[in-house]
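Subject: Model for your files

Hello,

Here is the structure I said I would pass on. Please look through it alongside the notes below.

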Amino acid sequence: MASKKEIGDIGERAARSYIEGIGYNILDVNYRSKYGEIDIVAYDGTTLAFIEVKSRRSTRYGTPGEAVDWNKQKRMIKTAMAYLSQNRTFYSQLRFDVVEVIIKEKEIKQVRLIKDAFQSVGRF
Amino acid sequence: MLSKIYSCCFIGLEGHLVEIETYISSGLPSFNIVGLPDISVNESKERVRSAIKNSGFSFPTNRITVNMAPADIRKEGTYYDLPIALGVLLSSEQIKPVEPIEDVVFIGELSLGGKLKKVNGILTMAITMKELGYRKLILPSDNADEACMIDGIEVYAASSLEQVVGFLCDEERPAAHSPKAVQNIECLSDLDYLEVKGQENAKRALEIAAAGMHNIILIGPPGSGKTMLAKRLPSIMPDLTQQQALEVTKIYSIAGKLKGKAMVHRPPFRAPHHTISAASLVGGGKIPKPGEISLSHHGVLFLDEMPEFPKKTLEALRQPMENETVTISRVNATLTYPAKFLLAASANPCPCGYHGDTGRECRCSPGEISRYFGKISGPLLDRIDLQLEVGRVELGDLESNAAGTGSAEMKERVMKAREMQYNRFMRKDTQYNSQLSVKDIEEMGMMDPKALDFLRRAYSRLALSARGYVKIMKVARTIADLSGKTMVETGDVAEALQYRISCAKDGI
């Protein structure tokens, strides 16, 4: 059985090829700040998308996307703000996406992109 | 996708239509309810999620937003489980109704397994939806009979979410629910005045009280049968009229006290313990709920051992007793509940209980007696039309096998008296003699001139209050009704007077 790390790596590779396949331009991967990490930063047209990849072996304990809870969202929003202040990036809109990947026996069963998964509301 | 479903809510005795919109959009899986939901409404998310899964549908893993309009009314309760679940199913396009559902109102609580459970206040909500022009009501089967009391709406009873979906999506619509023939069970309490030995004068007073809905207080030593007498009051009261039954059922419906019955036909009898708080007696809560006085609307409120009740609690009764309604104001709502009740009270004459008893000596000091009885204030006592001393039961009465007056016989007289009142008033706002105004009494010219003269002399001789004067007129009217007389005679006034002064003479 694949380890957690392997599952994550396979998932991220699968997510990258999937979003490139539908026309995203990847700008950065595994961007780290003191607040946390963003798996993929990519352009969808002129919209800058911060993408979290969630991989799971099964949906028995809920879909992978459901694991992106409020705390994870807060960390992503803060990291995105850190990214924007470090890099002078052009964008027309910002968006947070989540890619769900289901992996069984190192084989990719399903990839699902949730565009505009959550919004940055409230104060940070 | 957006869907819209109608449901109902109620605040006090007033219902409101609630529009439940469900929108499913892309985004992380989430489930939010907006539109001023209470905690109890927010909890319905978990029930809805589980009920949908256990009814063979899938719960959408998208962002679900539910809005309840009007958003300025605080929604509480569990009636929205069913409409929310249907909203989710409609928005996720898992079900497609064959007919439009714009004129259907959905009410019901769901269990985790998808079964529908009964809710409170159906009667109020059914009346509201009818007034607003909605014709179809889908609700839990346990509530169906209650809703069927309202003519002009089609009631569909369902026992599960699956069944509701069947109603909406199947080509063949099931027939509307028709209530089982309302069994008019003569649910007379098994208590009977035959069981009370002696105390014929007290029975007479209670008969007058029941006939004219006059308040009554029984004062006597322990063991004289005060409680026994009062508990048998419902056995001599006639059934509620259709209009009264509807009023009482509405209150019981929102209080959740119908206990499987579709309608309350018998006058209610409430006997709260003396530790009751003022709020639960007159009604209260964040959104005020009806209290004991409203639950005994058109029935009996029995306060056993009245001086044991906190003074504050008793004084709260004064205003409702005059107005026959109670208005309760809280931050969230100001509500008015009807409260036309017969107050029956019992009390000992003093702390030891034997003041004025023929057999035993009282051990209380005058101070103790006045303190004890002082809990029942003058104004409250003044509102009690019939004040009666109940003496000890004589051994001869106790052991005799001769049947005294029984409930059946008393009820017959009471019903005759009620009929006379009914024919006299023919007006909706006055139903009992205790509701008569001085103007009514004068206009109807029901007093024999001699009787009036007698009353005038009594007024100045006994220093009666103005209220007392009117109360005696009313009681005398009921006494005359009991014997079927159209005019009130001197004898009737004299009897009424006797119930007034028996306690006053002792200074209590």
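Predicted model: local features only at pLDDT ≥ 70, side-chain atom pairs only at ≥ 80, totals over all residues.

Residues are numbered from 1 along each chain as its sequence is written, and chains are lettered from A and ligands numbered from 1 in the order in which they are written.

Chain B

Chain B has 21 helices and 18 strands; helices (H or I, at least four residues) and strands (E, at least two) are DSSP runs numbered from the N terminus. Its C-alpha trace spans about 85 × 45 × 45 Å along the principal axes. Of its 508 residues, 46% count as buried; buried means 20 or more other C-beta atoms within 10 Å of a residue's own, exposed means 12 or fewer, partly exposed is in between, and C-beta atoms are placed from the backbone. Among contacts in chain B between residues at least 6 apart in sequence, 76% join residues at least 24 apart (contact: C-beta atoms, placed from the backbone, within 7 Å).

Five strands of chain B form an open sheet with parallel pairing, in the order β11-β14-β17-β10-β18 (strands pair if DSSP finds at least two bridges between them). The edge strands, each pairing on one side only, are β11 (269–270) and β18 (386–389) of chain B. β11(B) pairs with β14(B) (residues 300–303) in the parallel sense over two bridges, and Arg270(B) stands opposite Leu301(B) in β14(B). Helix α7 (residues 200–212) of chain B lies across β10 (216–219), β17 (342–347) and β18 of chain B, at about 165° to β18(B); axes are lines fitted to C-alpha atoms, for helices over the stretch in contact, and angles run from 0 to 180 degrees between N-to-C directions.

Between the chains

10 residues of chain A are in contact with five residues of chain B.

Helix α1 of chain A

In α1(A), the buried residues are Gly11(A), Ala14(A), Ala15(A) and Ile19(A). They lie on the same side of α1(A), because they cover an arc of only 125° around the axis (the arc of the directions from the helix axis to the C-beta atoms). On the other side of α1(A), Lys5(A), Ser17(A) and Gly21(A) are exposed. The cover over the buried residues of α1(A) includes β2 (36–44), β3 (47–56), β4 (93–104) and β5 (107–114) of chain A.

Regards

Technical notes. Contact = placed C-beta atoms within 7 Å.
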